[in-house]
Amino acid sequence: MKNCVIIVAAGSGKRMRSAIAKQYIELKGRTILSYTIETFNNSENIDDIVLVTSSDAVDYVRREIIEKYGFDKVRTIVEGGAERQDSVYKGLKAVDSDTDVVLIHDGVRPFVADKYIAELESIAMEFGGCVLGAPVKDTIKVCDSEGYITDTPKRETLWLAQTPQCFKYDIIMKAYEKAEKEGYRGTDDSMLAERLGIRIKMVKGDYDNIKITTPEDLYMGEVILENIIKKR
């Protein structure tokens, strides 16, 4: 089985309120993106990495991250699109056609554990697609436009969707082609696959797999990284 991960790192980081795109902010002397790539580059369950960045960052990423750390599984760097969905679609087009399984991962989720990668790939081959996630801890309220609560869903049915999200390559490519043709915009990859009638499996991950998008997340990231270093 041949597999590939698309790492999406083309965002500008507006919510971070930083002049530097969030994926290039440093934690303990290294960029967030370098930690993310390292996990997949070191994994025995990954053959190829397709990295999607903004057009003005391609040279920097190649020189200061890929070459600097010797990430030899990065097969190509692709220029991203206007939004995440556009960037993922460009990444999918760069994947080798003989690939069986594709994982799609956020460049600013640097703490995904390697142990989940093989599990996701196995489940995707069986069911077509799966999503790494974690059960919500808090009670969730649904509100109307005026801020009044209209519903309180059962907490045990609610999950935080994370990445990697993993699919058979032909399924996710078909899902993106359909969305592109119909002008459909989704908030994650599984939404597009669900529109094909595919039943997507949720895989329980952990709460350390955070997405670093705000200044507050940086503090949490420092703590998680400290714990990872201590366990080595």
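How much accessible surface does the chain have, and what percentage of it belongs to carbon and sulfur atoms? The accessible surface comes to about 12100 Å², and 47% of it belongs to carbon and sulfur atoms (Shrake-Rupley method with a 1.4 Å probe; for residues, only the protein chains shown count as cover). The model is predicted, so to speak from the start: local features need pLDDT of at least 70, side-chain atom pairs count only at pLDDT 80 or more, and totals for chains, interfaces and linings use all residues. Residues are numbered from 1 along each chain as its sequence is written, and side-chain values use heavy atoms, with hydrogens and water left out.

Figure 1. Helices (H or I, at least four residues) and strands (E, at least two) are DSSP runs, numbered from the N terminus. Along the principal axes, the C-alpha atoms fill a box of roughly 50 × 40 × 35 Å.

**Figure 2. Strand 1 (residues 3-9), enclosed on both faces.** Here 7 of the 7 residues are buried, so the strand is largely enclosed by the rest of the structure. In a regular strand the side chains alternate between the two faces of the sheet. On one side sit Asn-3, Val-5, Ile-7 and Ala-9, and on the other Cys-4, Ile-6 and Val-8, all of them buried.

**Figure 3. The strand neighbours of strand 1.** Two strands pair if DSSP finds at least two bridges between them. Strand 1 pairs in the parallel sense with strand 6 (residues 101-106) over 6 bridges, and Val-5 has Leu-103 as its bridge partner there. With strand 4 (residues 48-53), strand 1 is again parallel over 6 bridges, and Cys-4 stands opposite Asp-48.

**Figure 4. A look around Asn-41 in helix 1 (residues 32-41).** Asn-41 counts as buried because its relative accessibility is 9%. Leaving aside residues up to four places away in sequence, Asn-41 touches Ile-49, Gly-70, Phe-71, Asp-72, Lys-73 and Val-74 (contact means heavy atoms within 4.5 Å).

Conventions
Buried means under 20% relative accessible area, exposed over 50%, partly exposed in between (1.4 Å probe, protein chains only).
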